[in-house]
Amino acid sequence: MKAEEYMARGESVLLHTYNRTPIVFDRGEGVCLYDIEGKRYLDFAAGIAVFGLGYHNPKFDAAVKEQVDKLIHTSNLYYNVPAIEAAEKLVKATGMDRVFFTNSGTEAIEGAIKTARKYAVQKDGRTDHEIIAMNHSFHGRSMGALSVTGNPHYQQDFRPLIGGVRFAEYNDLDSVLTQVTDRTCAVILEPIQGEGGIYPADAEFLRALRKLCDERDILLIFDEIQCGMGRSGKMFACQHAGVQPDVMTVAKALGNGLPIGAFLTTEKAASLVPGDHGSTYGGNPLVCAGARAVLDIFESEDILGHVCEVGAYLWDKLELLREKYPIIKEHRGKGLIQGLEFRESPAEIARAAIKRGVILITAENNVIRFVPPLIIEKEHVDEMAEVLEESIKE
Ligand SMILES: *Cc1c(COP(=O)(O)O)cnc(C)c1O
């Protein structure tokens, strides 16, 4: 059957919530995807910053297959070894104390919000606590996460959202200070804004937020769902500033394609107790065997060292393009989460690159976002940069 026929069948049954690129993918290998007609695509999107270790990674695949044959699900009424071991590794990698596994990023945000509210309610018994979130942030599509997502376009048709959310300017401490009240229970932000257009937080800003939150006993929540898991060149982007949150959310690359997320808390912020929160699937043995393998591979294969090296190489390549083409306004990012901001919408450029076999995705504010698999090599960066340049010229 031809791609057109599959696409037509898809459009007749799938809810139309995406304007999909007209490609039907069939399989992946390393940093490349192949469509059902066998055409190769170099992937600089990694399924939206998910496939950190690449497609068909032998160690990861073997670990998942082994678990499929053993045990896939039991519920959280019991213990399972992959969840315990994945949690131990994640606690070590984040410097946090406790983990709750979810099925997605947005659910991790829900857990973080509930943690903050419960923490505050225990302190003063009030039920009108507020959260400060950032403009241009993205935290997910469920109602709680949507409520702290600073993008009116995503919110407008779904009101009323959860109450008590105030928005501040990213990287602007004064703006945050004007939103603090005696009811503030949390400040939530991405250490590098992803969907919003690849804006890294200033180290000073993160340190000042830490100090503010310590002084006022407010929980600091870092959403590391996109920028974490090695993408920035450190395991978590907040580690560039040496700032530790009270609550951290992780997902995307954690499962290398398996649906798993997590929120982590310090011992002090571990406010949720039996009855407060739950998930039927969350942290089941299958996805946790995947996450455990991911965290093992990070250690055994020095993924972070590789990200730093190839990330610097990508930076230099994109700088050359920025200098050469005035249509490029700014270049931002760290490691293998970088963005080029254009003076007009780069959607056509991204489309042209995909036609030439390189998958590029955009973000808000006229940005092309580069979030390839973390195992990408310099030769792939060269190939992408060449195709991007041709696409800009066109
Ligand atoms: C993708 C993303 C989310 C939502 O994750 P889902 O798994 O799509 O629910 C939340 N926060 C950030 C920073 C993200 O990039």
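Which residue in β15 does D43 stand opposite? In this predicted model, D43 stands opposite I359 of β15. The pair belongs to the contact between strand β3 (residues 40-43) and β15, which run parallel and are joined by 2 bridges.

These two strands are part of an open sheet of 4 strands, ordered β1-β2-β3-β15, in which the pairing is mixed. Strands β1 and β15 (358-359) form the edges, each pairing on one side only. Helix α13 (residues 378-393) packs on this sheet and touches β3 and β15. The direction of α13 makes about 105° with that of β3. Strands of a sheet pair through backbone hydrogen bonds, in either a parallel or an antiparallel arrangement.

The antiparallel case is represented by β1 (residues 25-29) and β2 (residues 32-35), between which there are 4 bridges. F25 has D35 of β2 as its bridge partner. The two strands make a hairpin, with 2 residues between them. In the turn, G30 adopts a positive phi of about 65°.

For the chain as a whole, the secondary structure amounts to 13 helices and 17 strands. Along the principal axes, the C-alpha atoms fill a box of roughly 60 × 55 × 45 Å.

Helix packing was examined for α4 and α10. Two packed helices are described by the distance between their axes and the angle between them. The axes of α4 (residues 81-94) and α10 (residues 285-300) come within 8 Å and cross at roughly 40°. The crossing of α4 past α10 is left-handed. On the α4 side, the contact is made by V81, P82, A83, E85, A86, K89, L90 and K92. On the α10 side, P285, C288, A289, A291, R292, L295, D296 and E299 take part. By class, the residues of this contact comprise 10 nonpolar and 6 charged, with no polar ones.

One annotated position was also considered. The unreviewed UniProt entry carries the annotation "modified residue: N6-(pyridoxal phosphate)lysine" for K252. In the model, K252 is located in the loop that runs between β11 (247-250) and β12 (261-265). Leaving aside residues up to four places away in sequence, K252 touches I48, A49, V50, I225, Q226 and I260.

How values were computed. Residues numbered from 1 in each chain as written. Predicted model: local features only at pLDDT ≥ 70, side-chain atom pairs only at ≥ 80, totals over all residues. Heavy atoms only, no water. UniProt positions renumbered as here; feature names shortened; annotations may be inferred. Contact = heavy atoms within 4.5 Å. Pairing = 2+ DSSP bridges. Axes fitted to C-alpha atoms, helices over the stretch in contact; angles between N-to-C directions. Left-handed = near helix turned anticlockwise from the far one by under 90°. Nonpolar A, V, L, I, M, F, W, Y, C, P; charged D, E, K, R; others polar.
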